Amino acid sequence: MITIKQFIKKLCLKIIFPGRDITLQEFFLKESYSFLKKTSLYNASVDTDDDIEKMQYTILRENHVIEKGMSMRNPRKGFGQEKVISLLHRLKKYYRSYGNKDLGFLQYPLSTIKNYIEYTENSGVQIDDIKSKFKEIVKLTRLEITSHAGIVKVYKNDLHNQCNADYESILKSRHSIRYYSEEPVSKEKIIKALQLAQCTPSACNRQGWKTHVFQGEESVRLMRWQGGCNGFEDELKNSILVTANLKAFLSYEVHQCYIDGGLYSMNLINALHSLGLGCIPLSCGFYENKLRGLKAFGIPEHEVPIVIVAFGNLKEDFNVAVSTRKDISLTNTFHN
């Protein structure tokens with residue numbers, strides 16, 4: 001019986017990298033094996049509801065789908081009913097499994113559903129089954145549903161007054177925006193945003209990020225490839241794909257491309273916002289067989305996709321998802 005180390009070396013020598021110096025390749029395989037072990041244990045797709053944190057994270061993801069639907073320009077009347085029923089089933093399961101550990105977590109998703117019911121009925125669609133299931137779980141949990149959730153209307157003038165007032169205002173006035181005015185975005189503003197984002201710190205100042213600007217139908221085509229903006233992809237006529245160049249990083253920095261690329265992406269988002277533009281980040285967290293589709297957009301293999309940032313000029317008013325944030329006591333630990 002061979003050891004894991006011997007197996008990796010055999011893979012390097014005879015299968016993956018025949019005839020090459022295997023020192024680095026062996027190291028990369030060890031790193032991949034370590035990542036495989038951790039992912040197999042801790043990824044949220046594995047035994048999802050057997051772990052309170054995994055269940056909370058995935059519930060928040062499902063909850064945001066409901067908020068997102070309400071924040072589009074013209075949502076289909078009565079949209080999302082199956083998703084809401086599915087979410088209610090999971091909330092009841094959460095209560096039974098973890099209600100004695102963190103009952104307060106249910107406040108936010110239940111508030112979203114409460115807003116969804118009001119929103120849907122105001123559009124003239126009756127959803128008695130959802131109302132009944134919602135009342136049942138509220139009675140079961142004995143919670144008073146008071147959390148801020150759903151959508152809120154934002155006005156362009158108010159946002160423009162806040163987006164450069166001070167740093168706190170920049171952060172607190174930024175929202176993910178899913179529809180825009182028809183006014184074209186000037187190339188000068190795009191260049192200015194890229195110049196501001198260029199101030200991002202990076203590992204040893206290597207600045208390994210790359211950006212690809214798409215406009216018009218090419219941007220819409222990229223949105224259709226991304227697939228997470230169904231129902232509003234035609235709104236997204238301007239976008240920037242942020243990538244990181246694998247050639248910028250050394251053998252012990254196999255994940256650094258995502259760190260540097262992520263830092264740059266957030267600065268780009270804030271730069272666009274500070275210039276009075278609306279934007280929304282769209283994930284590139286896909287399997288490799290989907291990511292290969294980026295070759296059709298001229299993205300070279302050595303560039304790792306980080307995120308797509310779609311953007312545009314603001315309408316006079318628009319709806320955004322509330323996207324309530326956790327208290328830092330739930331995400332931070334002080335080490336003294």
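Strand 4 (residues 277-283) supplies three residues to the lining of the largest cavity, which is the largest share from any element. This cavity belongs to a predicted model, and the structure holds one cavity of 30 Å³ or more. The protein chain has 336 residues, of which 43% are buried, and its secondary structure consists of 12 helices and six strands.

**The largest cavity**

- The space inside the largest cavity amounts to about 40 Å³.
- Its lining is formed by Leu-159, Ser-173, Arg-174, His-175, Ile-177, His-273, Leu-277, Gly-278 and Cys-279.
- When these lining residues are sorted by class, four are nonpolar, four are polar and one is charged.

**The second largest pocket**

- The second largest pocket contains about 1000 Å³ of space.
- A total of 29 residues line this pocket, and those nearest its centre are Leu-246, Val-254, Tyr-258, Glu-288 and Val-304.
- Two or more lining residues come from each of helix 2 (23-42), helix 11 (256-274), helix 12 (288-291) and strand 5 (303-313).
- Helix 2 makes the greatest contribution to this lining, with six residues.
- By class, the lining of the second largest pocket comprises 17 nonpolar, five polar and seven charged residues.

**Helix 6**

- Helix 6 spans residues 128-141, a run of 14 residues. The distance from its first C-alpha to its last is 20 Å, close to the 20 Å expected at 1.5 Å a residue.
- Ile-130, Phe-134, Ile-137, Val-138 and Thr-141 are the buried residues of helix 6. Viewed down the helix axis, these buried residues fall within an arc of 105 degrees, and they therefore line one face of helix 6.
- Arg-142 follows helix 6 and has a positive phi, near 60 degrees.

**Helix 9**

- Helix 9 covers residues 187-197, and its residues Ile-190, Ala-193, Leu-194 and Ala-197 are buried. They lie on the same side of helix 9, because the arc that they cover around the axis is only 95 degrees.
- The packing partners of the buried residues of helix 9 include both strands and a helix: strand 2 (209-215), strand 3 (238-245), helix 11 and strand 5.
- Two of these partners, helix 11 and strand 5, are also among the elements that give two or more residues to the lining of the second largest pocket.

**Ser-323**

- Ser-323 is located in the segment after strand 6 (317-321).
- The relative accessible area of Ser-323 is 18%, and the cut-off for a buried residue is under 20%, so Ser-323 is buried.
- Apart from its neighbours within four places in sequence, Ser-323 is in contact with His-64, Glu-67 and Tyr-108.

**The chain as a whole**

- Along the principal axes, the C-alpha atoms of the protein chain fill a box of roughly 70 × 55 × 45 Å.

How values were computed. Residues are numbered from 1 along each chain as its sequence is written. This is a predicted model: local features need pLDDT of at least 70, side-chain atom pairs count only at pLDDT 80 or more; totals for chains, interfaces and linings use all residues. Side-chain values use heavy atoms; hydrogens and water are left out. Helices (H or I, at least four residues) and strands (E, at least two) are DSSP runs, numbered from the N terminus. The expected span of a helix is 1.5 Å times one less than its number of residues. Buried means under 20% relative accessible area, exposed over 50%, partly exposed in between (1.4 Å probe, protein chains only). The arc is that of the directions from the helix axis to the C-beta atoms. On a 1 Å grid over the protein atoms alone, a cavity is a set of points where a 1.4 Å probe fits but cannot get out, and a pocket is an open set with protein on both sides within 12 Å along at least five of seven lines; lining residues have an atom within 4 Å of a point. Grid points are joined across faces, edges and corners, and a volume is the space filled by probe spheres set on the points. Ala, Val, Leu, Ile, Met, Phe, Trp, Tyr, Cys and Pro count as nonpolar, Asp, Glu, Lys and Arg as charged, and the others, Gly among them, as polar. Contact means heavy atoms within 4.5 Å.
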